[in-house]
Structure formats: C-alpha cells, structure tokens
Amino acid sequence: MTALAVIDRISALLDDSMQETSNTSMRIPTALRDAAALAVKELGVASSTTSLTTSALRSVLEAAVIQAVLDEHYQHHPEARPDLGDLAVAAAEIDGHPLSAEPDRLRSAAAEILVRHPGATAEDVVLWAEARAFAA
Amino acid sequence: MSRLVLLDNEAVLALRDASHPKHRKVISHVQVITSRQRRAEAIDAAVPTAVRVEAGWDRRSPAWAFPNRLRIADVPLDVAHASRAAAFRSATGVPVADAHLGAVMDLTSATRITVITSDPRDMRRIAGDTDLTIVSL
C-alpha cells in the first residue's frame, strides 16, 4: 500500500461509527493498567478504563495520520514546509502571545536556539524569545 | 483548557492551494496544531460548514483531497447555530459564512478560540465580548 492509501484507510476506520467492538488479547504493563483504573475511579478522567484507552488511542492515531499527511505534502511541496521561525510565529499567533506582533524577533530567536537545540519546538522558541525580551 | 482554531474562507483556500501566497502560513498553523495534538494537548481545528460552502470545499471532490486528509472537523449549521447566525447577520449585516463563524464562537465548549482570517475587523465585530484570538492572513 502507498502512504496515502494507508492514511486514507486509517482515516476511514477512524471515521467509522465504532459500533462494532472486539475483545483483544493486547498485553499492557500491569502498572499502567492499574494506574488507568485508579485514574478513572478516583480522578474521574474517563467513564471507564476502556473509554480512557480508546480515547487516548484515537487521539494518537489522529495526530499521527495528520502528521503523515503533512509529511507527504512536504515531500511534494518542499517550499510549503515551515521552518522553526514560521512555527514559532504560528504558535504565538494561535495563543495570542504578545510576541506574535514581533515576528522578526521570533525568527531571530529560532535561529539562535537551533544552534544549540536542533530539536527545539515552536513553543521553546517563544519562551526563549520572551525570556530574552524580558531580560533586555 | 481546550482551544478551538477556526478557519475562514481565505484560510481554507490558502490551505488547499500550494501556490497560494498564504499557503505556507496556514500550513504553519496546522503544523503547530498537529504537534500539540501529538503531545496530547486539547486543541482542534474546525471549519463551519457555511465557510466550506463559500470556499467551495466539497469533501467528495478529489481537488480537496489534501484539506480532507487533515481531519479538520466540520461544524454543521444545525438549529442552534442557524438561529445564532441569523441573529448575528440581522444585527451586523455580515455574510452568512461569517455569521456562522460567530455562532460557532458563541456556542463552542472550547475555553479558548482562535480564528485564522483575512478579515480581522469583521471577526472582531462578530466576536463581541467573546475572548477571541485573531490571526490575520
């Protein structure tokens, strides 16, 4: 199967009404199972451990599918791939962060942080730029 | 805390077309949303169906395959949204799609709202007292 065919198949499965269920023989760490049961019972994080597990699994799969779509898009349109500066500006804009009005400062911070932290996230850049602005 | 990111007509058109001058900017926002979702943050992207109509976003059309695959949720113009949108349109005279955006802002259960738009002035007018973050295209 091609990557897009896999993506479309996973998406179709995620869009299913989910009425049909299956028992699984999936083995998970006992401590994780117990932690989930406790979180459901005492913290009310979900209606059941099954609900908690399926919800978490769905979220991970949906995000993975979207990232796969974006990665496939970047392969065909490399000019569309945002750099860390673009992502920092976008992150600040989404949050309404005051530094969103200073995109050049964010791009400069992205260039600086990449030198020592190649795995930095957009939010790392915004925090770094904010710290620099505060110190100045 | 949960955040809902809404797209207006221009954002949808920019997302679809890789040669659109704002394509990379809108993609940047989608990438940030996706990265946060992968970290289990409560953030979602959505488009009111009236915006889809205005943009010509037909989910059955192969021309819209890329936006379709991004799993951006539809917010239907149901009874509650239609009533609220009608009230907005009567009060402000904004287009139907913008009125639907306003209704979504008003009725969403998300605690934070961001709208990506080419028309920040209208969005501000529609939002009223709603705490809204506007991203201008």
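Which residues touch the most other members of the largest nonpolar core? Let us work towards that core by way of the chain that holds them. What you have above is a predicted model, in which local features need pLDDT of at least 70, side-chain atom pairs count only at pLDDT 80 or more, and totals for chains, interfaces and linings use all residues. Residues are numbered from 1 along each chain as its sequence is written, while chains are lettered from A and ligands numbered from 1 in the order in which they are written.

Start with chain A. Its secondary structure comes to six helices and zero strands, where helices (H or I, at least four residues) and strands (E, at least two) are DSSP runs numbered from the N terminus. With a radius of gyration of 21 Å, well over the 14 Å that the globule rule gives for 136 residues, chain A is more spread out than a compact globule. Here the radius is taken over C-alpha atoms, and the rule is 2.2 Å times the number of residues to the power 0.38. The C-alpha trace spans about 55 × 40 × 25 Å along its principal axes. Of the 136 residues of chain A, 21% count as buried; a residue is buried if 20 or more other C-beta atoms lie within 10 Å of its own, exposed if 12 or fewer, and partly exposed in between, with C-beta atoms placed from the backbone.

Now back to the opening question. In the largest nonpolar core, which has 61 residues, A:Ala88, A:Leu106 and A:Val125 touch the most other members. Such a core is a set of buried Ala, Val, Leu, Ile, Met, Phe, Trp, Tyr and Cys residues joined through C-beta atoms within 7 Å. H4(A) supplies the largest share of this core, eight residues. Both domain 1 (3-80) and domain 2 (84-135) of chain A give residues to the core, so it lies between them. Leaving aside residues up to four places away in sequence, A:Leu106 touches A:Gly85, A:Ala88, A:Val89, A:Ala92, A:Leu99, A:Val125, A:Val126 and A:Ala129.

Next, the meeting of the two chains. Here 24 residues of chain A are in contact with 22 residues of chain B, a contact being two C-beta atoms, placed from the backbone, within 7 Å. Helix H1 (3-14), helix H3 (49-76) and helix H4 (84-95) of chain A each give two or more residues to the side that touches chain B, and H3(A) gives the most, nine residues.

B:Leu70 sits in the loop between helix H4 (65-69) and strand E3 (73-75) of chain B. Not counting residues up to four places away in sequence, B:Leu70 touches A:Ile66, A:Val69 and B:Val30. With 18 other C-beta atoms within 10 Å, B:Leu70 is partly exposed.

Finally, look at strand E4 (residues 112-117) of chain B, where five of the six residues are buried. E4(B) pairs in the parallel sense with strand E1 (residues 3-7) of chain B over five bridges; two strands pair if DSSP finds at least two bridges between them. In that pairing, B:Leu4 stands opposite B:Ile113. Five bridges also join E4(B) to strand E5 (residues 132-136) of chain B, again running parallel, and B:Val115 has B:Ile134 as its bridge partner in E5(B).

Conventions. Domains from an automatic or database assignment.
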